[in-house]
Structure formats: structure tokens, C-alpha cells
Amino acid sequence: MEFSINSFKNKETGEKLDHFDYVHIIYNHTNIPDDLIFSMIEIISPTFKIVDNMLFIDDLFSQSKYDEHLSSGISKEKAQFWLNLVDISSVFDTLEYEDTITIAEKIAHCWNLKIKGEKVQAFGKARILRDDSETEVLITIDQYSSD
């Protein structure tokens, strides 16, 4: 049986459930592993680290890959771009393209709020990259500025 938030209604009011009630039902009636919840939280609100005045997502950062990039002549700015790059369309490969874009926009927004809250905007900012012809949606953190 496939579930969606729209398939559930509040028994008393007949109204659509809120997201917290929906997660409660799915979590308690399926075999979702507990650590998936923590992984989702870490995706939405990652732990950041600063290396060489560059902001990185701690979970994605590899010192050896960073060193490899630098020793091969790649700038630290480009290394930051590549080491933070996530292909959202591959993570959520069964979703429609427009839904994947929405997810990427919300994740980038959350990352940027956290970056601002931690006062580390000078070291990087989240942004979305799209390839409409390939239906690819990516997110990265780098020091690119559209100004």
C-alpha cells in the first residue's frame, strides 16, 4: 500500500493531516529505521566545518580528497564546490523533476538559514544548479556570488 499525506484525514474533522501527524502515522506503522530520521535531519540541517576559510558539510568532507584536489592544481574554491556537491535528483530519483527542484530549494534555504545563524556566510553559501535538459538538480556550498 502506498501512503501519501493526502490519503489521510483527521477522523474528527475530516481535514487533511498536518505534517507532524503524517510522519507520526508513517513512522509508527512502517519499518522505517530510526537512523533514517537522523539522516534526514542531518541533510536538512548539516554540521558545517571550516577548512582554509572554506565552508564544508562535515559529513561530505574528506581531508584526503581535499588535499588531492589541491595537489592536482584545483583551487580551494573549486575543491569547496566539488566536495559539497550533492545530486539531489539521484537521491530522490523516483520523484518528478519539479518535486526534486522544490526539495532542493527547501534544503538550500535551510542550509543558508543555518549558515547565516552560525555567522559563517563569508565562507560559503548554498545554491542550486539545474540542468533542465538532463532533469538534474544539484546543490552545493561555495563562495559563488551572483551579485
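Me: How many positive and negative side chains does the protein chain have, and how far apart are the centres of the two sets?
Reply: The protein chain carries 14 positive and 27 negative side chains, and the centres of the two sets lie 7 Å apart. Lys and Arg count as positive and Asp and Glu as negative, with His and the chain ends not counted, and the place of a charge is taken as NZ of Lys, CZ of Arg, CG of Asp or CD of Glu.

Me: What kind of model is this, and what pLDDT do local features need?
Reply: This is a predicted model in which local features need pLDDT of at least 70 and side-chain atom pairs count only at pLDDT 80 or more, while totals for chains, interfaces and linings use all residues. Residues are numbered from 1 along each chain as its sequence is written, and side-chain values use heavy atoms, with hydrogens and water left out.

Me: OK, and the fold: which pattern does the protein chain follow along the sequence?
Reply: There are six helices and five strands in the protein chain, and read along the sequence they follow α-α-β-β-α-α-β-α-α-β-β. The radius of gyration is 18 Å, well over the 15 Å that the globule rule gives for 147 residues, so the protein chain is more spread out than a compact globule. That radius is taken over C-alpha atoms, and the globule rule is 2.2 Å times the number of residues to the power 0.38. Helices (H or I, at least four residues) and strands (E, at least two) are DSSP runs, numbered from the N terminus.

Me: How are β1 and β2 joined?
Reply: Strand β1 (residues 48-51) and strand β2 (residues 54-57) run antiparallel and are joined by four bridges; strands count as paired if DSSP finds at least two bridges between them. They form a hairpin with two residues between them, and aspartate 52 in the turn has a positive phi of about 50°. Phenylalanine 48 stands opposite isoleucine 57, and lysine 49 has phenylalanine 56 as its bridge partner.

Me: Which residues of β2 are buried?
Reply: Met54 and Phe56 are buried on one side of β2, and Leu55 and Ile57 on the other, so that both faces are covered. Buried means under 20% relative accessible area, exposed over 50%, and partly exposed in between (1.4 Å probe, protein chains only).

Me: What's the strand order in the open sheet?
Reply: The three strands have the order β3-β5-β4, with antiparallel pairing. β3 (86-87) and β4 (125-131) stand at the edges, each with a single partner strand, so one side of each is left without a neighbour in the sheet. Seven bridges join β4 to β5 (residues 136-142), and isoleucine 128 stands opposite isoleucine 139 in β5.
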